[in-house]
Amino acid sequence: MSYIDRIDSPGPKKLLALDGGGIRGVISLEVLQRVESMLAQYTGAGEDFVLADYFDYIGGTSTGAVIAAGLSKGLRVSELLELYVARGREMFDKATLLHQLRYRYETDRLRGLLQEVLGATTTFGSTDLKTLLLMVLRNATTDSPWPLSNNPRARFNDPALDDNNLALPLWQLVRASTAAPVYFAPETISLGEHDFVFVDGGVTMYNNPAFQLFLQAALPQYRLGWKTGESDLLVVSVGTGLSPKADDHLRPGEMNLLFNIGTVPAALMYAALNEQDLLCRVFGRCRHGSAIDREVGDLMEGPGLLERRLFSYVRYNAELSRAGLDALGLPGIEPEDVQKMDSVDHIADLQRVGRAAAQQVAPHHFAGFLDTTS
């Protein structure tokens, strides 16, 4: 089955959203490995089961785009995890001293890896993709977020257009979504007669793309228009770890220019991530997820704004603070070792965090959606 066959297929639809977070994508992959194993067992799909057999639409930002594209191609989670574990250092290939004035890591090896895994000639509209695919980029030229979908009915996916998005190389779109400022150089993509400069989609409001993925699936303007309802849509959202930076000793005088340069981008991304999670719990029926904050809680119970929720929702993530790691039973892991997006020296620790977070996964989170026939 190709992604085109899923558009009008009967039955409830299942969506998977994957956060950005650099090498911390290892955490997501450990959770996804548990999801894949559990679904294979409870659907009776057998040993050849992959997540592309189950999910109809997969979306990701930055490292989430790498994973989303790989899953959409039909790769097993173990194959992607091996890529991160065995070749993570290649993804973060240190730049020369001259280039480090602009970015920390070279992109040649990352480009090569993406072409190797996704195919150098595979396009965004290739029928090799087994699911609908959403990737979030930021167009720095137009100063706007670009959530790109391979939905063939989408406005800018018309083959008659000179700037048809479906004709773009899949690997290049993934590379653009991972072009985190400071870490990697931007990616220039030609669309028709125009060249656009793209950077990491994580510097938009969609580092967690869960609610945007729902909108792409259901909002009529995106020309897919899937049926909404708790029994009609399931959105599963997987994070790469939360890194709150609480500081009880902070003083106003310490908040100088360098402090703000170093902390404001991360603070905005953290707020955006929580906002997407909150929107999903308000408009959807939350089946699992840790508390948003002490005021609203986890929103799994109690009254909401809507009498009829628009989808069922599951959120898996891990807090990477000292308290969060202790709660996962990982007192031997230092928070600073697993919080950085380029922490390639601590991939084994990231795996341990992911395996602990994967214990959250349970069959009842997927009740009513344990069918791979759609």
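Mentor: In what follows, Ala, Val, Leu, Ile, Met, Phe, Trp, Tyr, Cys and Pro count as nonpolar, Asp, Glu, Lys and Arg as charged, and the others, Gly among them, as polar. The model is predicted, with local features needing pLDDT of at least 70 and side-chain atom pairs pLDDT 80 or more, whereas totals for chains, interfaces and linings use all residues. Numbering runs from 1 along each chain as its sequence is written, and side-chain values use heavy atoms, without hydrogens and water.

Trainee: How do the residues lining the second largest pocket divide by class?

Mentor: Ten are nonpolar, seven polar and three charged. A pocket is an open set of points on a 1 Å grid over the protein atoms alone, with protein on both sides within 12 Å along at least five of seven lines; lining residues have an atom within 4 Å of a point. This pocket holds about 480 Å³ of space, the volume being that filled by probe spheres set on points joined across faces, edges and corners. Its lining comprises 20 residues, with Pro-147, Leu-148, Arg-155, Phe-156 and Asn-165 closest to the centre.

Trainee: Which element gives the most to that lining?

Mentor: Strand β4 does, with five residues; β4 (144-149) and β6 (194-200) are the elements giving two or more. Strands (E, at least two residues) and helices (H or I, at least four) are DSSP runs, numbered from the N terminus.

Trainee: What makes a space a cavity?

Mentor: A 1.4 Å probe fits at its points but cannot get out. The structure holds one cavity of 30 Å³ or more, and the largest cavity has about 140 Å³ of space. Among its 16 lining residues, Thr-63, Met-91, Phe-92, Leu-110 and Thr-178 lie nearest the centre. Helices α3 (63-72), α4 (77-91) and α5 (108-118) each give two or more residues. By class, the lining of the largest cavity has eleven nonpolar, four polar and one charged.
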